[in-house]
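Q: I am new to this structure. Can you show me how to read a few of its features?

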Amino acid sequence: YLEMSEELKAAGAEVVVCVSVNDPFVMAAWGKQKEAEGKVRMLADTKCQLTKALDMELDATEKLGSIRSKRYAMLIDDGKIIKLGMDDGAFAPAMLEALKR
């Protein structure tokens, strides 16, 4: 998404967001380290509420000690999910193709 942020915006994406089950301080540091400012907005799902509401929970308690999020991407238009990509379908090229349709 970082590498394709300009293409995504040119195709009509108003905002590109990365959501992670983490705290805002980690997300800010990750965004800074990845030079995401102006390209991808980094958001923390601190209490896993969005992840739960989307039914995207990944039980990683055995390896990481907590519930995390599955890998997914969504195209949202006027508050409606118009495309949901999982795993390989969650990468930027698949979302860019969907935006161009």
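A: Start with burial. Buried means under 20% relative accessible area, exposed means over 50%, and partly exposed lies in between. This is a predicted model. At 21% relative accessibility, Cys18 therefore counts as partly exposed. Cys48 is buried, at 6%.

Q: How many disulfides does the structure hold?
A: A disulfide needs two cysteine sulfur atoms within 2.5 Å. The structure holds zero. For Cys18, the nearest cysteine sulfur is that of Cys48, 14 Å away. Cys48 is in no disulfide either.

Q: Which residues make up the largest nonpolar core?
A: A nonpolar core joins buried residues through side-chain atoms within 4.5 Å. The largest one here has 10 residues, including Met4, Leu8, Ala13, Val16 and Met27. Ala36, Val40, Met42, Ala92 and Leu96 also belong to that core. A second, separate core has five residues, among them Leu75, Ala90, Met95 and Ala98.

Q: What is the phi of Glu35?
A: Most residues other than glycine have a negative phi. Glu35 has a positive phi, near 55 degrees. Glu35 sits in the loop between helix H2 (24–33) and strand S2 (41–44).

Q: Where is Asp55?
A: Asp55 lies in the loop between helix H3 (49–53) and strand S3 (57–59). Its phi is positive, near 55 degrees.

Q: Is Asp55 buried or exposed?
A: Asp55 counts as exposed, at 59% relative accessibility. Glu35 counts as exposed, at 59%.

How values were computed: Residues are numbered from 1 along each chain as its sequence is written. This is a predicted model: local features need pLDDT of at least 70, side-chain atom pairs count only at pLDDT 80 or more; totals for chains, interfaces and linings use all residues. Side-chain values use heavy atoms; hydrogens and water are left out. Buried means under 20% relative accessible area, exposed over 50%, partly exposed in between (1.4 Å probe, protein chains only). Helices (H or I, at least four residues) and strands (E, at least two) are DSSP runs, numbered from the N terminus.
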